[in-house]
Amino acid sequence: MANFTHYRVKTDEQTKILANTESCEGQQNFIQSMKDNMKMKVIYLDEETIVFDLMGIDVSVANSLRRILLAEVPTMAIETVYIQDNTSILQDEVLSHRLGLIPLKADPRLFDDFHSGDEPTDLNTLVFKLDVLCEELPAEVKREMAERGGADARPYPQGAYSRDLEWQPQGEQLESLPAPVTPVAGDIPLVNLKPGQHVRLEAHCHKGTGKDHTKFSPVATASYRLLPDIILPQKLTSAEAKELVDMCPMQVFDIEDLGKKQSKGASTGTGVTVARPRDCTMCRECIRKEGWEEKVQLRRVANHFIFTVESTGCLPPSEIVKMAFQVLKEKSLATQRLLDDYVMNDGLPE
């Protein structure tokens, strides 16, 4: 068996309260500590991505938020497809599956849940129509191509794309919705068509969550990592400082000017500083060489989480995070009500 070098990345203790959470008093202190110390700071935000820091919480809360972002924030997606004509090479069920994965710009908070047996209404259903026909080439065009000794170089001259989906407003949707409902992107390919092939269908969209099907997930990815904490326990010489800067592929370290020391020995005019700790990926390149594990300590702050959330485009990322926090709040209150009912009816066991 090959010998592998072991490099340790230390993680700080969560909080001192965690050691006492077996008692009711310890649990109350732990919850109060999170209430007092929890902070959130948005680092980056655009139309598709949000990066924010969540500090002062336990990893269980951070992971709950991540799972809610993935699976419990509702969106609108195509759920039922009524195919009237499909002479393309793609089977009906495959085409329906592709349609379901198209993200739609629609606020799910404006719609009711759709349950089995419910009738489609303007309050719980969005309707789209798709009608694409690849027409045959005119006879004179075919004749000219035959005279030139060539043929249509495109095996599939026409394709059906997400932009071909036409929203069919139902009831009062045109007045009640703030904007027309459209796919997030218009260039998503659905099926390629040859001359004479036709696709015509009607698609119904309903409200759902990612735990029912991944097509309802509002995020392309939602992840978190702990904030790196890099410690230099001993002073480095100028040569060592330059070597450390060169070893780091993420350029976390910078050379700093410490000034000249007027001593009998050789002066040290430069040092190193941890300039960009957030960029550290814990690749361990800085401690891979012999002797550097004592000069550089890699740690992680156990209650400082860096979240990265990328939206599919159906909702702004900031709204997705707000909705996730609301779901987490509702689940916590529901759990608290269940515990209160248990205490009132049966009492806690001794």
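**Figure 1. Methionine 282 sits in the loop between strand 12 and strand 13.** Strands, like helices, are DSSP runs numbered from the N terminus (E, at least two residues, for strands; H or I, at least four, for helices). Methionine 282 isn't a glycine, yet its phi is positive, at about 60°. With a relative accessible area of 6%, this residue is buried; here buried means under 20% relative accessible area, exposed means over 50%, and partly exposed is in between (1.4 Å probe, protein chains only). A quick note on what you're looking at: this is a predicted model, where local features need pLDDT of at least 70 and side-chain atom pairs count only at pLDDT 80 or more, while totals for chains, interfaces and linings use all residues. Residues are numbered from 1 along each chain as its sequence is written, and side-chain values use heavy atoms, with hydrogens and water left out.

**Figure 2. Glutamine 251 also has a positive phi, near 55°, without being a glycine.** Look for glutamine 251 in the loop between helix 6 and strand 11 (253-257). Its relative accessible area is 55%, so glutamine 251 counts as exposed.

**Figure 3. Lysine 295 and glutamate 240 pair up in a salt bridge.** The term covers a side-chain nitrogen of Lys or Arg within 4 Å of a carboxyl oxygen of Asp or Glu, and in this pair the closest N and O atoms are 2.7 Å apart. Lysine 295 is in the loop between strand 12 (270-274) and strand 13 (297-311), and glutamate 240 is in helix 6 (residues 238-247), so the bridge ties together parts 55 residues apart in sequence. Both partners are buried. By the same rule, the salt bridge count comes to 11.

**Figure 4. Glutamate 285 meets arginine 288 in another salt bridge.** Here the closest N and O atoms are 3.3 Å apart. Glutamate 285 is partly exposed, at 34% relative accessibility. Arginine 288 is partly exposed too, at 37%.

Figure 5. Lysine 322 counts as exposed, with 54% relative accessibility. The picture widens from there: salt bridges that share partners join Asp107, Arg109, Glu319 and Lys322 into one network.

**Figure 6. Asp46, Glu47, Glu48 and Glu310 make a patch of negative charge on the surface.** Patch members have over 30% relative accessible area and no salt bridge, with like charges joined within 9 Å (nonpolar side chains, Val, Leu, Ile, Met, Phe, Trp and Tyr, would be joined within 5 Å). Asp and Glu count as negative and Lys and Arg as positive, while His and the chain ends are not counted. Each charge is placed at CG of Asp, CD of Glu, NZ of Lys or CZ of Arg. Glutamate 48 is in the loop between strand 2 (39-45) and strand 3 (49-55), and at 55% relative accessibility it counts as exposed.

**Figure 7. Zooming out, the protein chain has 7 helices and 13 strands.** Of its 350 residues, 33% are buried. Among contacts (heavy atoms within 4.5 Å) between residues at least 6 apart in sequence, 76% join residues at least 24 apart. The accessible surface comes to about 21,500 Å², with 49% of that belonging to carbon and sulfur atoms; areas come from the Shrake-Rupley method with a 1.4 Å probe, and for residues only the protein chains shown count as cover.
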